[in-house]
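Thank you for making time this morning. I would like to walk you through one model, and I will begin with a term that we need before we look at how its helices cross.

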Amino acid sequence: MTKADIQTPTDLGANANRDIPAALRALLADVFALYLKTKNFHWHVSGRHFRDYHLMLDEQAGQIFAMTDDIAERARKIGGTTLRSIGQIAREQRLLDNDADYVDPQDMLAELRSDNQQLTREMRRVHELCDEYGDVATASLLENWIDETERRIWFLYETGRSGPNS
């Protein structure tokens with residue numbers, strides 16, 4: 001059996017079957033990295049607003065994790081492959097890890113806001129690629145994920161504000 005025999009048939013064409021799944025793999029690596037960082041901060045947040053931050057970060061982590069299966073399955077539906085290991089995530093992710101022993105809660109919120117903004121930019125790039133190839137199904141999924149990510153950015157921004165002129 002050849003590789004061509006096991007690919008899912010699609011009318012998007014060979015270039016789309018190569019380029020879109022590759023973009024989705026990188027996006028999936030970023031989503032896993034953001035998920036783990038969000039859970040890390042959820043587990044290690046402390047201070048006066050512990051309960052609120054802890055609950056918000058858990059909610060956001062759940063929303064981020066919910067994207068993973070859809071991203072991977074979309075790549076497979078159009079004939080591509082997806083991530084296979086933690087090592088592959090580490091090689092493909094563009095978002096930076098944070099292994100610090102302590103991160104100030106306000107710095108956590110700012111870092112997650114920045115990471116979500118970067119993720120939004122990456123999703124917009126994948127959307128542009130989908131538009132080039134006429135992949136409306138993947139583009140539609142991305143539009144919903146962009147909206148969800150912008151909501152997380154908004155919550156992180158408003159939660160981290162210290163006053164009306166922040």
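A crossing of two helices is called left-handed if the near helix is turned anticlockwise from the far one by less than a right angle, and right-handed if it is turned clockwise. With that in mind, and remembering that what you see is a predicted model, please look at helix 5, which covers 105-133, and helix 6, which covers 136-160. Their crossing is left-handed, and the two helices pack with their axes 9 Å apart at an angle of about 160°. Angles over 145 degrees count as roughly antiparallel, and therefore helix 5 is roughly antiparallel to helix 6.

Let me turn to the interior. In soluble globular proteins, nonpolar side chains tend to be buried together. Here the largest nonpolar core has 39 residues, and those with the most contacts inside it include Ile20, Leu24, Leu27 and Val31, together with Ile71, Met123 and Leu142. Helix 2, helix 3, helix 5 and helix 6 are the elements that give two or more residues to this core, and the largest share, eleven residues, comes from helix 2. If we set aside the neighbours within four places in sequence, Leu27 is in contact with Ile71, Arg94, Leu119, Glu122, Met123 and Leu142.

Finally, the aromatic rings, of which the structure holds three pairs. One of them joins Phe32 and Phe65 in an edge-to-face arrangement, with 6.5 Å from centre to centre and 65° between the planes. Phe32 lies in helix 2 (residues 14-44) and Phe65 in helix 3 (residues 50-77), so this pair ties together parts that are 33 residues apart in sequence. Both partners are partly exposed, Phe32 at 26% relative accessibility and Phe65 with a relative accessible area of 42%. Elsewhere, the rings of Trp154 and Phe155 have their centres 5.2 Å apart and their planes at 90°, so that pair is edge-to-face too, and Phe155 is partly exposed, with a relative accessible area of 27%. To return to Phe32 and Phe65, they form one aromatic cluster with Tyr35.

Key:
Residues are numbered from 1 along each chain as its sequence is written. This is a predicted model: local features need pLDDT of at least 70, side-chain atom pairs count only at pLDDT 80 or more; totals for chains, interfaces and linings use all residues. Side-chain values use heavy atoms; hydrogens and water are left out. Rings of Phe, Tyr and Trp (its six-membered ring) pair if their centres lie within 6.5 Å; planes under 30 degrees apart count as stacked, over 60 as edge-to-face and the rest as tilted. Helices (H or I, at least four residues) and strands (E, at least two) are DSSP runs, numbered from the N terminus. Buried means under 20% relative accessible area, exposed over 50%, partly exposed in between (1.4 Å probe, protein chains only). A nonpolar core is a set of buried Ala, Val, Leu, Ile, Met, Phe, Trp, Tyr and Cys residues joined through side-chain atoms within 4.5 Å. Contact means heavy atoms within 4.5 Å. Axes are lines fitted to C-alpha atoms, for helices over the stretch in contact, and angles run from 0 to 180 degrees between N-to-C directions. Angles under 35 degrees count as roughly parallel, over 145 as roughly antiparallel, 65 to 115 as roughly perpendicular and the rest as oblique.
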